[in-house]
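Reader: I am new to this structure. Please take me through one part of it closely, and start with enough of the whole that I can find my way.

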Amino acid sequence: MKKVLITFSVLFFALTISFNAQASSLKENMIEGVKFLDTVEEVDWYRVEGRSLIIGWKGIPKFFPTPFTMAARRANIATSRKVRVWAVRHTQKNWHVGSGKSYICFVTAINGKVTQGNCDR
(Lines give C-alpha, C1' and ligand atoms only; values in the text may rest on other atoms or scores of the structure.)
Protein backbone atom coordinates (compact mmCIF):
# COMPACT_ATOMS: atom_id res chain seq x y z
CA MET A 1 0.00 0.00 0.00
CA LYS A 2 2.83 2.34 0.85
CA LYS A 3 4.50 1.61 -2.52
CA VAL A 4 1.31 2.48 -4.38
CA LEU A 5 0.95 5.74 -2.49
CA ILE A 6 4.58 6.70 -3.16
CA THR A 7 4.27 5.77 -6.83
CA PHE A 8 1.07 7.81 -7.16
CA SER A 9 2.70 10.80 -5.43
CA VAL A 10 5.74 10.69 -7.73
CA LEU A 11 3.52 10.42 -10.82
CA PHE A 12 1.34 13.30 -9.66
CA PHE A 13 4.42 15.45 -8.98
CA ALA A 14 5.90 14.65 -12.41
CA LEU A 15 2.64 15.51 -14.19
CA THR A 16 2.34 18.77 -12.28
CA ILE A 17 5.85 19.83 -13.29
CA SER A 18 5.17 18.83 -16.92
CA PHE A 19 1.90 20.78 -17.02
CA ASN A 20 3.52 23.91 -15.56
CA ALA A 21 6.38 23.69 -18.06
CA GLN A 22 3.94 23.38 -20.96
CA ALA A 23 1.86 26.32 -19.75
CA SER A 24 4.98 28.46 -19.42
CA SER A 25 6.16 27.42 -22.88
CA LEU A 26 2.72 28.18 -24.36
CA LYS A 27 2.77 31.67 -22.87
CA GLU A 28 6.34 32.36 -24.00
CA ASN A 29 5.65 31.11 -27.53
CA MET A 30 2.47 33.16 -27.80
CA ILE A 31 4.23 36.34 -26.64
CA GLU A 32 7.08 35.69 -29.06
CA GLY A 33 4.60 35.22 -31.93
CA VAL A 34 2.93 38.59 -31.35
CA LYS A 35 5.98 40.77 -30.67
CA PHE A 36 5.01 42.82 -33.74
CA LEU A 37 2.29 44.37 -31.54
CA ASP A 38 5.05 46.38 -29.86
CA THR A 39 5.23 48.45 -33.06
CA VAL A 40 1.48 49.08 -33.32
CA GLU A 41 0.97 52.58 -31.96
CA GLU A 42 -2.54 51.96 -30.62
CA VAL A 43 -1.57 48.87 -28.58
CA ASP A 44 -0.85 49.90 -25.00
CA TRP A 45 -0.30 46.41 -23.53
CA TYR A 46 -1.00 42.71 -24.10
CA ARG A 47 -0.89 39.62 -21.93
CA VAL A 48 -1.61 35.90 -22.05
CA GLU A 49 -4.32 34.23 -19.98
CA GLY A 50 -4.42 30.49 -20.64
CA ARG A 51 -4.99 30.09 -24.38
CA SER A 52 -6.22 33.65 -24.72
CA LEU A 53 -4.32 36.75 -25.70
CA ILE A 54 -5.77 39.98 -24.31
CA ILE A 55 -4.80 43.22 -26.05
CA GLY A 56 -5.35 46.64 -24.48
CA TRP A 57 -6.05 49.22 -27.19
CA LYS A 58 -5.79 52.98 -26.70
CA GLY A 59 -7.90 54.06 -29.60
CA ILE A 60 -8.78 51.92 -32.58
CA PRO A 61 -6.43 51.94 -35.58
CA LYS A 62 -7.85 52.88 -38.97
CA PHE A 63 -7.38 49.32 -40.21
CA PHE A 64 -8.14 47.63 -36.87
CA PRO A 65 -8.90 44.13 -38.14
CA THR A 66 -5.49 43.78 -39.80
CA PRO A 67 -3.21 43.80 -36.72
CA PHE A 68 -5.88 42.15 -34.59
CA THR A 69 -6.46 39.14 -36.83
CA MET A 70 -2.73 38.96 -37.57
CA ALA A 71 -2.11 38.63 -33.82
CA ALA A 72 -4.61 35.75 -33.66
CA ARG A 73 -3.03 33.91 -36.59
CA ARG A 74 0.53 34.42 -35.34
CA ALA A 75 -0.34 33.37 -31.78
CA ASN A 76 -2.00 30.25 -33.16
CA ILE A 77 0.96 29.37 -35.37
CA ALA A 78 3.46 30.05 -32.57
CA THR A 79 1.66 27.74 -30.14
CA SER A 80 0.08 25.19 -32.53
CA ARG A 81 -3.08 25.52 -30.44
CA LYS A 82 -6.50 27.07 -30.82
CA VAL A 83 -6.16 30.67 -29.65
CA ARG A 84 -8.72 33.34 -28.81
CA VAL A 85 -7.68 36.98 -28.93
CA TRP A 86 -9.66 39.63 -27.06
CA ALA A 87 -9.61 43.37 -27.67
CA VAL A 88 -10.29 45.56 -24.64
CA ARG A 89 -9.76 49.21 -23.81
CA HIS A 90 -6.29 50.01 -22.47
CA THR A 91 -7.83 51.11 -19.17
CA GLN A 92 -9.17 47.56 -18.52
CA LYS A 93 -5.88 46.06 -17.28
CA ASN A 94 -7.73 43.81 -14.82
CA TRP A 95 -10.10 42.43 -17.47
CA HIS A 96 -10.27 38.61 -17.49
CA VAL A 97 -11.86 36.09 -19.82
CA GLY A 98 -15.32 35.23 -18.53
CA SER A 99 -15.53 38.24 -16.23
CA GLY A 100 -18.72 39.44 -17.90
CA LYS A 101 -17.22 42.89 -18.37
CA SER A 102 -17.41 44.63 -21.74
CA TYR A 103 -14.83 44.13 -24.48
CA ILE A 104 -14.38 45.50 -27.98
CA CYS A 105 -14.38 42.20 -29.85
CA PHE A 106 -12.71 38.78 -30.12
CA VAL A 107 -11.48 36.35 -32.77
CA THR A 108 -10.50 32.69 -32.66
CA ALA A 109 -7.72 31.21 -34.78
CA ILE A 110 -7.14 27.56 -35.63
CA ASN A 111 -4.62 26.17 -38.14
CA GLY A 112 -3.33 29.67 -38.93
CA LYS A 113 -6.77 30.96 -39.91
CA VAL A 114 -9.36 33.10 -38.15
CA THR A 115 -12.37 30.82 -37.80
CA GLN A 116 -14.83 32.87 -35.76
CA GLY A 117 -15.26 36.17 -34.02
CA ASN A 118 -17.28 39.32 -33.87
CA CYS A 119 -14.82 41.81 -35.38
CA ASP A 120 -15.18 43.14 -38.91
CA ARG A 121 -12.59 41.45 -41.09
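Author: From the N terminus on, the elements run α-β-β-α-β-β-β. That comes to two helices and five strands. The model is a predicted one. Buried residues make up 35% of the 121 residues in the protein. The protein exposes about 7,900 Å², and carbon and sulfur atoms supply 57% of that area. Take the contacts between residues at least 6 apart in sequence: 51% of them join residues at least 24 apart.

Now to the part itself, strand β4. The strand covers residues 105-110. Is β4 enclosed or open? Five of its six residues are buried, so the rest of the structure largely encloses the strand.

Look at its partners next. β4 runs antiparallel to β3, and five bridges join the two. Val 85 stands opposite Val 107 of β4. β4 also pairs with strand β5, residues 113-117. That pairing is antiparallel too, over four bridges. Here Thr 108 stands opposite Gln 116 of β5.

Arg 84 lies in β3, which spans residues 83-89. Beyond its sequence neighbours up to four places away, Arg 84 touches Phe 106, Val 107, Thr 108 and Gln 116, as well as Arg 51, Ser 52 and Leu 53. Arg 51 sits 33 residues from Arg 84 along the chain, yet their C-alpha atoms are separated by 6.6 Å.

The hairpin of β4 and β5 has two residues between the strands. Asn 111 is found in this loop. Its phi is near 55 degrees, a positive value in a residue other than glycine. Most residues other than glycine have a negative phi. Asn 111 is also exposed, with a relative accessible area of 71%.

The relative accessible area of Asn 76 is 4%, so Asn 76 is buried.

Another positive phi occurs at Ser 80, where the value is near 60 degrees. Ser 80 lies in the loop between α2 and β3. At 67% relative accessibility, Ser 80 is exposed.

Cys 105 forms a disulfide with Cys 119, and the sulfur atoms are 1.8 Å apart. Cys 105 is in strand β4, while Cys 119 is in the segment after β5, 14 residues apart. Both cysteines are buried. The torsion about their S-S bond is about 100 degrees, so the disulfide is right-handed. A search of the whole structure finds one disulfide, this pair.

What lies inside? In soluble globular proteins, nonpolar side chains tend to be buried together. The largest nonpolar core here has 24 residues. Those with the most contacts inside it are Val 34, Leu 37, Leu 53, Ile 55, Trp 57, Phe 68 and Val 85. β4 supplies at least two residues of this core, and so does each of β1 (43-49), β2 (52-57), α2 and β3. The largest share, four residues, comes from α2.

Setting aside neighbours within four places in sequence, Trp 57 is in contact with Val 40, Glu 42, Val 43, Phe 64, Pro 67, Phe 68, Ala 87, Val 88, Arg 89, His 90 and Ile 104.

Arg 47 forms it with Glu 49, and the closest N and O atoms are 3.2 Å apart. Glu 49 has a relative accessible area of 23%, so Glu 49 is partly exposed.

Note on methods. Residues numbered from 1 in each chain as written. Predicted model: local features only at pLDDT ≥ 70, side-chain atom pairs only at ≥ 80, totals over all residues. Heavy atoms only, no water. Contact = heavy atoms within 4.5 Å. Buried < 20%, exposed > 50% of the residue type's maximum accessible area, 1.4 Å probe, protein only. Areas by Shrake-Rupley, 256 points an atom, 1.4 Å probe, with all protein chains shown as cover. Salt bridge = Lys/Arg side-chain N within 4 Å of Asp/Glu carboxyl O. Pairing = 2+ DSSP bridges. Core = buried A, V, L, I, M, F, W, Y, C linked by side-chain atoms within 4.5 Å. Disulfide = S-S within 2.5 Å.
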